[in-house]
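Please look through the model below before reading on. My comments come as numbered points.

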Amino acid sequence: MESLTLDRLQFAFTVTYHYLFPQLTMGLAPLIVIFKSLAIWKRDEMWNEAARFWGKIFGITFLFGVVTGIPMEFQFGTNWAVFSKYAGGVIGQTLAMEGTFAFFLESSFIGLFLFGEKRLGQALHWLSAFLIFVGTWLSGWFIIATNAWMQHPVGYEVAADGSVHLTSFWSLVLNEWAVYQYMHNMGGALVTGSFAVAALGAFYILSKQQVEFGKMFVKAGVIAGCVASIWMLFPSGDWQGKMVAKHQPVTLAAMEGLFDTTEGAPLVLIGQPDMEKKRLDNAIHIPSALSFITYQRWDAKVKGLNEFPEDQHPDNIPLLYYSFHIMVGLGTIFIAIMVIAAIWLWRGWLFESNWLLWILMLLFPFPFIANTVGWMTAELGRQPWLVYGLFRTEEGASHMVSSGNVMFTLLGFFGMYTVLSLLYIFLMLRRIEHGAEELTAAAAPVGGEN
Amino acid sequence: MELIWFMIVAFMLVCYVILDGFDIGAGIVHYFVGRNDAERAAVIRTIGPVWDGNEVWLLATGGVLYFAFPMLYASAFSGFYLPLIMVLWLLIMRAAGIELRHQLEHNHMWTSFWDFVFSLASILLAIFFGAALGNVIRGVPLNSEGYFFEPLFTHWGTTGETGILDWFTVLSGVVAFVALAVHGSNYLAMKTEDEMNLRARKVVGVGWYALVGVTVLSLLAVMYVRPTLLDNYYALPIGWLIPLAVAASLAAMKYFNAKGQDRSAFISSGVYLAMMLGGAVFGLFPLVLPALDPANSLTVYNTRAGDYGLSVALLWWPIGIIIALGYYTFLFRTFKGKVKVGEEH
């Protein structure tokens, strides 16, 4: 394989793997703050115990996020040297701000939150939880701002040596694209976090290990998960889609598998892009719906792929198309399940409805898939550009690093991350098992007092 | 402007080496200071709440280097491709060693395994970082476009077709190894009690002689490999204070170590690290990555970013660092005092 392909594969693999962890920590962080707040507000030690329990899961996940995140910053330089020289003056700013404003905050308070409760007291312990939440979400902002600049470059000029120089700090940091992408992305993280809380709660109820805490987790997870799932479709998904339609129309066409420019374009539910015949095979669609959701007119004209020169088409249209449709499909299923679960919870049927608890339990891997394919949609949709409209992906890789070296490190990452996965799964299973015992011990005196 | 950012990067690098240096150093002497499971658990607990923050300095320095000197970032990171990726793997292993050890506190095989991983990764990291600095001082085979690629090793010489490892860069690695071992022992002496404290002090006492030896050797080697490093010292004689401070910090460390003043000895080894790095940086300026063919060298002038970006960052950077120092103060105060053997978190 040529080295460009391997460089792309390595970045794609390491970033996809990395993001399995931050989406969970960013999703759990606000929930832990809520648990901690409930504990203090209601003077309820059960919620405090819930905060500690999820804090430990957060702590392990955070560690895996940190160690798999460091390679991301380094790889800009190691594998994408030409791109780094070209754009480092701009995107380096947001990456450096992430280190300075978010990482120092997170790394200082994670230790305080996990090990400092006795020394700090309840108020400062709450503050630690809150600051970790702020830190993780700030970190998310700077990464989204970096990605947003690559999706929709603003606030720059091209200098004499061909590289880009920053000309407006606030355009970079408050890029319009970043605002919508952030809202959509953080909603996605909240989906992952809340579904995980609900799933573990369902497991505890179904396995009768720890029913009291199980109910608390399911309740919190379902309420947060219901809000977050709906938020992903509307308004945040809708906004995100409009940004793509406005700034990356060729990407929109590829996502929808729309080859010919159409008035009253249909919204495709199922179908397969046929790249040879340039059409969508066996499509099932809703007539005119794409035109409507994009432009609010049933007969609006949506540009198809054929309208654009082929050298501007995303280089893997089928994968982009499938990623997008899997994301939307899963998102729709999430809303359906969570709305039902919320109604059942409200009516008081949920904890007796084993079938629904089973569904909630088995649902937890799917938000990870949805977030992953969502990012694949964003990144494959950006192709063939590294910086949209300015700098092509094929120009960006390091010249001096041979494909053999990249193959070696890619295989190394495969191996290293396989080991990390095994460790993570082992530690999580252990935590879930021991967690139930610890929670039981914590629940006993509280139950006695009531 | 480039001068200011050069100094900022140097400052952050020094902070990184002093801070992560002590927890890497603790890893190097892990088995010497911690003789049994409970003691090794105590070693880990001395760095437990702070190592992650220390490592953030590496990321933050990397980020600043990236936007302030993008060409340097591109060239150095791609040129040192293999060793850098290995550093990443070592950082992953070390973090796992520190944080996973206490997950199964009572399983002896589990803790032994992670002790070993933690210590080995710390040792290798110290040597890699030292060798990296050695490469920068020696110079690398940059082409006219400012890029290079080096094999891991070639003929172990410092001229011609060089490799990442040669006698000089290996020597630099050894200096880093000894220096961080002593620095880490000073930290452990400060943070532990009784027998562990005495053992850590003893490592410093013995290590000190090795440190003086390799320091002198490395200074001689630098003058042989890159004699032009002294040009800045002749041009700006105030720079000679730096080698003086190196000598003074070494003397102070010995004095405080003998007197049992661990905190002052720790500060001395911190000053030593700062001055060694500062001395190298002072001598190199304005070079940031010297080439074996001097015409291709990367300097602060030909690697820097645009004016606007550098000036606007001068507004946010100090704010961020001041806030970060605030967190640090709070964190270190909360976990101040000695770690006791056998204590739970």
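1. Conventions. This is a predicted model, in which local features need pLDDT of at least 70, side-chain atom pairs count only at pLDDT 80 or more, and totals for chains, interfaces and linings use all residues. Residues are numbered from 1 along each chain as its sequence is written, chains are lettered from A and ligands numbered from 1 in the order in which they are written, and side-chain values use heavy atoms, with hydrogens and water left out.

2. Helix packing in chain A. Helix H12(A) spans residues 317-347 and helix H14(A) residues 365-382; their axes come within 8 Å and cross at roughly 145 degrees. Axes here are lines fitted to C-alpha atoms, for helices over the stretch in contact, with angles from 0 to 180 degrees between N-to-C directions. Helices are DSSP runs (H or I, at least four residues), numbered from the N terminus. The crossing of H12(A) and H14(A) is left-handed, that is, the near helix is turned anticlockwise from the far one by less than a right angle. Residues in the contact include Leu320(A), Phe324(A) and Met327(A) of H12(A), and Ile369(A), Val373(A) and Gly374(A) of H14(A). Contact means heavy atoms within 4.5 Å. By class, this contact has 14 nonpolar, four polar and no charged residues. Ala, Val, Leu, Ile, Met, Phe, Trp, Tyr, Cys and Pro count as nonpolar, Asp, Glu, Lys and Arg as charged, and the others, Gly among them, as polar.

3. Nonpolar cores. A core is a set of buried Ala, Val, Leu, Ile, Met, Phe, Trp, Tyr and Cys residues joined through side-chain atoms within 4.5 Å. Buried means under 20% relative accessible area, exposed over 50%, partly exposed in between (1.4 Å probe, protein chains only). The largest core has 245 residues; Trp54(A), Phe83(A), Trp149(A), Phe217(A) and Trp5(B) touch the most other members. Leaving aside neighbours within four places in sequence, Trp5(B) is in contact with residues including Phe67(B), Leu310(B) and Trp317(B). Apart from that core lies another, of 23 residues, among them Ile337(A) and Leu350(A).

4. An enclosed helix. How many residues of H5(B) are buried? The count is 10 of the 10, residues 70-79, so H5(B) is largely enclosed by the rest of the structure. Tyr73(B), Ser75(B) and Ser78(B) are among them.

5. Salt bridges. The criterion is a side-chain nitrogen of Lys or Arg within 4 Å of a carboxyl oxygen of Asp or Glu. Lys36(A) pairs with Glu117(A) at 3.5 Å, N to O. That pair links helix H1(A) to helix H4(A), 81 residues apart. Lys36(A) is buried at 0% relative accessibility, and Glu117(A) is buried at 17%. In chain B, Glu39(B) meets Arg199(B) at 2.7 Å. Glu39(B) lies in H3(B) and Arg199(B) in H9(B), so the pair ties together parts 160 residues apart in sequence. Both ends are buried: Glu39(B) at 8%, Arg199(B) at 16%.

6. A partly exposed residue. Val211(A) lies in helix H8(A), residues 211-233. Its relative accessible area is 30%, so Val211(A) counts as partly exposed. Leaving aside neighbours within four places in sequence, Val211(A) is in contact with Tyr204(A) and Ile205(A).

Technical notes: Helix = DSSP H or I, 4+ residues; strand = E, 2+ residues; numbered from the N terminus.
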